[in-house]
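Please look over the following notes on helix packing and aromatic pairs with the model open beside them.

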Amino acid sequence: MKLKSLISTVLPCLMLLISPKLYAEEINDIYEQSLIQAVSDIQQLNHQQALDDTRKLLEQYPTSKVGQMLYADLLLAKAGVLPSIGYGMQQQSQRDDLTLEIKQRLSSQQTPADQGLLPDSLLQLADNQPFYLLLDQSQSRLYVYRNEQGKPILEADYFLSIGLKGSGKEKRGDQKTPIGVYHVTQYIDDEALPDLYGKGAFPVNYPNSWDKRHRRTGDGIWLHGTPSYTYNRAPLSSNGCMVVSNPDFINLKKYISPEMNTPVIVVKDIRWIDEGQWMVQQQQMNLLLSEWIKDWENKNHDDYISHYSTTEFNARGRNYQQWSDYKRRVNAAKTFIDVDVSNLSIYRYPGEEELILMQFEQAYSSNNLSVESPKELYWKKQSNGWKIVSEDSRKVQLRKTLATN
């Protein structure tokens, strides 16, 4: 029985030899590399070695469903009765889940990140945030990026499971995982949770302000671990949460700080760009922000309000004209305005065409008011350039609800 041809029907166009990747001098996920080695042995028609490798994998990870499927396939192959991968499994849906998991894990071994490309979702990282999480739903992958002077440097990555119905959450109970920019709000220890959530959970602030603007509903979207009866869940299997294996969850804890509201950027597909493109886009966005601040400080209302969209702006219950009237009245009473920005994060907002989110700490002072507050600006590219479509104070609230979504 030629298992190589069987594997190739499930995993086309993949390299026969897969080398483990190293991130920050740390071997990435021993479980995944052991699984990939077994698949590599099958691809090379080294059946006995594949059987030995799979047996060892199951000795160390007995709840691995993929390992159990491959082991059963290899035993059937000895009798020459294996017409397809997962032939011994009666449920087609479960077989599809496991073969998709293999495909996703293998494809993650060679990514644009290995070639020095950067995700365009992360255009600038705040000085006070050491790590950012970037979730690629289409590839079932969670990337950890380290902040190196505002530039994202890949630190580690992990296999990820998302909602049963995929990406793009719109309403409660749709079993989809949201797309957007979120922040961790707290940590919940496993002792306070049912077994379903594994070794703990990090709730995120879905729905955020942009979700609320689009009337998206639901809550209880968490990043959490896996129940004890399985090593990990299938790529599409949750009710909307983001799920990793328990060992991976434990590793992730060192990168996540609820006190700092660690950013969690969830995309359907990562768009990769080279460093030159990344720098040009970053500089362009910083110039936008600088011009907005300059015109605000100069108290020239026409120049200041020209940064706002006349057709799409909405914030704090005010449209463009209401906002313009309000700011004209407020700023007219000022003898001076001074605005300082720190801890700036810039995101190309996922799932939207030409939308930029800037989040920062704003220190505002004038002759009659001094205040520091977290701020966010949404900029959208329109026919007359980049314009602000939303402005507000950024508040990440603690959420204590169970993961119901």
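1. Trp 323 and Tyr 326 sit 3 residues apart, about one turn, in helix α10 (residues 320-332); helices here are DSSP runs (H or I, at least four residues) and strands are E runs of at least two, numbered from the N terminus. The model is predicted: local features need pLDDT of at least 70 and side-chain atom pairs 80 or more, while totals for chains, interfaces and linings use all residues. Residues are numbered from 1 along each chain as its sequence is written, and side-chain values use heavy atoms, leaving out hydrogens and water.

2. The ring centres of Trp 323 and Tyr 326 are 5.7 Å apart and their planes are at 55 degrees, so this pair is tilted. Rings of Phe, Tyr and Trp (its six-membered ring) pair if their centres lie within 6.5 Å; planes under 30 degrees apart are stacked, over 60 edge-to-face, and the rest tilted. Trp 323 is buried at 1% relative accessibility, whereas Tyr 326 is partly exposed at 21% (buried is under 20% relative accessible area, exposed over 50%, partly exposed in between, with a 1.4 Å probe and protein chains only).

3. In one of them, Tyr 197 and Trp 222 have ring centres 5.1 Å apart and planes at 50 degrees, so the pair is tilted. Tyr 197 lies in the loop between β10 (188-189) and β11 (200-203), and Trp 222 in strand β12 (residues 222-224), 25 residues apart. Tyr 197 is buried at 8% relative accessibility, as is Trp 222 at 1%.
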